[in-house]
Amino acid sequence: MKKRMLSIMAALCITCVTVLSGCGASGDGKNGQVIVYNWGEYIDPDTIAMFEEETGIKVIYDEFETNEIMYPKVETGASLCDVVCPSDYMIQKMIDNDLLAELDFEKLPNAKENIGAQYWENSKQFDAENKYSVPYCWGTVGILYNKTMVEEPVTSWSILWDEKYADNILMQDSVRDAFMVALKLNGYSMNTTDEAELETAMQALIDQKPLVQAYVIDEVRDKMIGGEAALGVIYSGEAIYTQRENSDLAYVIPEEGTNIWIDSWVVPKNAPNMENAHIFIDFMCRPDIALKNFEYITYSTPNEAAKALIEDDDIRNSSIAFPDLSQYNNLETFSYLGEEGDELYNELWKKVKSN
Amino acid sequence: MINFIKRFYIGIIFIFLYAPIVTLIVLSFNASKTRAKWGGFTFNWYVSLLQDEIILQALWNTLIIAFLSSLIATLIGTAACVAMQGMSKRMRTIFMGITNIPMLNADIVTGISLMLLYISLGVRFGFSTILLSHITFNIPYVILSVMPRMKQLNPHTYEAALDLGASHIHAFFKVVFPDILPGVLTGFLMAFTMSLDDFIITHFTKGAGIDTLSTKIYTEVKKGIKPEMYALSTIIFMTVILLLLVINIFGKKSAQKAPQKNKGGIKL
Amino acid sequence: MNRKKALQAPYLFWSIMFIIIPLCMIFYYGFTDKTGAFTIENITAIATAEHAKALWLSMLLSLVSTLLCLILAYPLAMILSGMNVSQNSFIVVIFILPMWMNFLLRTLAWQSLLEKTGVINNILHFLHLPALNIINTPTAIILGMVYNFLPFMVLPIYNSLVKIDGNVVNAAKDLGANQIQTFMRIILPLSIPGVISGITMVFVPALTTFVISTLLGGSKILLIGNVIEQEFTRAGNWYLGSGLSIVLMIFIIVNMVVSSIFDKDGEGAVL
C-alpha cells in the first residue's frame, strides 16, 4: 500500500512537471499591460491576439457572468481592471457612485468616427453627456420560438402564459429581464418602482412559474437548438446564432415593446493603465476588428463602418441583428433604480423563485 | 448466486458513476458545437485544444495551484500533527475543533469568509489569493489523514531512538516518519484531488485574469461549453486511468513479493 | 519545548489568519446593517417565508440524498471490503476516479442525459418506453447530489469495514452467531464511525450546494445555498448573505454535535 501510494505520487509529480514545463506564465508585453473585464464569450479571441501583436501591450482578460458580480469587484478594487464592459443601467450606477473615469475622446478617433449617431443618442439615457462610455454591442430582447412546435403566430409576451406550452417555456434567470417581460405584458414601464405595478408583475410571474421549464441565462441557446423547449426569452444576439444552427427557430420582438440594451466599454477611476485602456477601446472600434467580433459573437454592432463591411446581405439587412427601431412602440433601456429600487426587485424576485 | 448479485450491484453503481463520464467522452468527438446535436465524429477539438492558450493556461493554473497548495498543506498539517502529540488533551481538542471548521462549514461560507478577509486586507485578488484559500481548505484533509497514524504510533520507539543517541530530527525521520508516511501521502493525494475539483471557493477568491478549469467551465456553462473542454477532460481522465493501470500492474508485483499485513477483509 | 512550538506555530498562525478571522468577518457583516449599526435582522431574516422555505427544502433534499447515499454505499463498501486484497485498492480508486473529471462537467453531463431530448429519453423512446421527465425537478437535484457525493459515503464506510479485525468476525462465527447476528452485533457497530463521518461528508455539501440546483433544477427550486450565493453575487447584499450564512453554520454545528454523540471515540474516520 505504501509503495503504491508512493508510485501514485511519483507519477503525479512527473505529470505535473511535464505539463508545467510545457507552458509557462507569461509576463508583461513590451508596452505594459491592459486588464480587460468582459462578459463571458463576448469577444473574438483572435482580436486580442491581434491587439497584442500590433501594440505590444499584453492583455489580461477576465470574464464575468452578470453585472452584479462585476460591480463589487470593481467597486472595492478587489480586482483592478482597466477596461470593463457593463450594461446600460450598471454604467449609470457606476457613474452615480463615481467609479468611472471620463474618457479622453481625442485618443479614441475610431470610436468617434465609426459608432453610429443613434447609438450615442441611446447611450444618453444612462450616460447623459456621452463622457464615460463607448458602445460595444447592442440588441433587443424577444421571444425565440420553434416553428415546428408553435402553431399560431407569436406576437405578444402573453404566449408565455399560454397553458398549451406548459413545461416548454424558458425564462430569463435575472431579476430585471424577468420583470421586464411581466411589466411589459401589463403595459407598465420596465423601469417602474411603483409597488402596486411591481406586485402585479410579481403575481404574473408566480402564475407563470408552473408553466416554465427552467430559468436560464445563456443556456437558452443550447436548449432551443436542441429542441428542448418551444419558446424562450432570448437576447437578439443569441437568436442569430441559434438560427444558424437550427433553421426551425424564429425570433420576434413582441408588440408590447421590449428592452433595448447597450453594453459599452468604460474605464474605472482606479484603472492602473489608463493610457492602454484607451488604446484598447479604440482598437475595438476599428471597423475590421468590430466586424470580426460581430461575426464571432453575433451580437449587433453599433459600428456603422463595420456593418458596411458585412458581406452577407441577409445578415446586413437582418431584422434581428439590425431592426428598424422606429417600427416598434414602447422600447426602453434599463435605468438604475437606486439601492432601494434594486432591493425591492430582488425581494420580489426571491418570492417568485421560492414560490 | 451471491457472487452474481454482488457483481450485478457493483455493475449498476458503476454504470451510474460512469454514464455521465462516457457522455462527456462521446461529446468530445461530436462535430457539432452544441451539446444538443450530434454532428458526426471528429478529432478537431483535440487539435484545437492544443492551440487554445486560454484553456491550457487554466489547466496550468489548476495543476500548479493543486500541487503547491497540497504540498504546503501537507507540510503545515504534518507539522501540526507532530506538535499535537505533545499537547494537553484540552489544547488538542481545541486544535481539532478548529481543524474541523473548514471541513464542516459550507464551501460557500468558507469562500465568502475568505473573500471578505482579502477585501478588508486590501489584497489584490489573483493567483496568491486562490493559493492561500486552497491551502486553507486542504490542511484539514492532511491532518485528518495523518492523525490516525500518529495515534497508532508507539511513542517508545521514538524515545528509544533518542536514548540510543539519535538527534530529534534524525529520530523523527528514521522512526516516526516512515510510520506516518502512508497517512501523509493519502493526505497529500486527498488535498490534491480536492483542490483540483474545487469550484466554489475559487469562484469567490479569484481575481481578474486568472482562471482554473472549474471557474473557466462555470463561465462557459452559461454560454455553452466549448467542446475543447470535453476533449481536455477526456485526456485528463484517460491519463489518470493509464497511470492507475500501470501502478496496479506494478503494485501487484510488489504485493506478491512483500507479504501483506493482516488486512482483515470481511467475508460474508 | 521550543521545537514543539516551532512545529505548531505555522498551523496556529494559519488557522487564526484564514479560519478564525474570516469567520469573525462573517459574524461582523452578519450582525451589522448598511450603516454599520448592530442589528439581528439579518439573522431573523431566516424566518421570512422565502428563506424558511428554502432552508426547509434544502434540509429535505439533503436528508433524502444522504439516506440514499447510505443505502447505496453500505452494501457497496461491504462488497468491496470483502474482495480479494490485491484488487481492492484498485477497485476503490475506480470509485473515486470520477472525481477527477470536473464536478461541473459531470453535473452538466447529467443534464445531457436527463433532458427531454436527452440520451436516456432517446434510448427509452427507441425501446418504446414512456419518457422520463425528471429534469428541472427536485428528483433531478437529488440524483445530482447522490451522484456527486456518493464517493464521500463509500470511502469512510469502506475504511471502517476494512479496519475490522477478521479474527473478531471469525470468533463470533465460531461462537455460533449466524450471518445476520454477526452483522448486527459485530460489523455494524464497528462501522458506525465510518457511517457517521460519511453522513457528515454528504449532508453538509448537499445542504449548502447551489450549483447542482442551478444546473439540474433549472433554477426553479431555490435552496438556501442559492439564496446566499445570490445575495453575494447578484443582489450585492453582503449583510443579509452573511446573516444567512451564520444560520446555516448553526444548523451544521447542531448536526455535528448530534453526530458526535454517536461517534464517542471522536474518531471521525474520514479516511
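Modeller: Among contacts in chain B (heavy atoms within 4.5 Å) between residues at least 6 apart in sequence, 69% join residues at least 24 apart. This is a predicted model, in which local features need pLDDT of at least 70 and side-chain atom pairs count only at pLDDT 80 or more, while totals for chains, interfaces and linings use all residues. Residues are numbered from 1 along each chain as its sequence is written, chains are lettered from A and ligands numbered from 1 in the order in which they are written, and side-chain values use heavy atoms, with hydrogens and water left out.

The secondary structure of chain B consists of 11 helices and zero strands, where helices (H or I, at least four residues) and strands (E, at least two) are DSSP runs numbered from the N terminus. The C-alpha trace of chain B spans about 70 × 65 × 30 Å along its principal axes, and 58% of its 268 residues count as buried, that is, under 20% relative accessible area with a 1.4 Å probe and protein chains only.

As for the meeting with the neighbour, the axes of helix H1 (residues 2-27) of chain B and helix H7 (residues 138-163) of chain C come within 11 Å and cross at roughly 100°, the axes being lines fitted to C-alpha atoms over the stretch in contact, with angles running from 0 to 180 degrees between N-to-C directions. H1(B) and H7(C) are therefore roughly perpendicular to each other, a term that covers 65 to 115 degrees. On the H1(B) side the contact is made by Ile13(B), Phe16(B), Leu17(B), Pro20(B) and Ile21(B), which meet Leu143(C), Val146(C), Tyr147(C) and Leu150(C) of H7(C).

Technical notes:
Buried means under 20% relative accessible area, exposed over 50%, partly exposed in between (1.4 Å probe, protein chains only). Angles under 35 degrees count as roughly parallel, over 145 as roughly antiparallel, 65 to 115 as roughly perpendicular and the rest as oblique.
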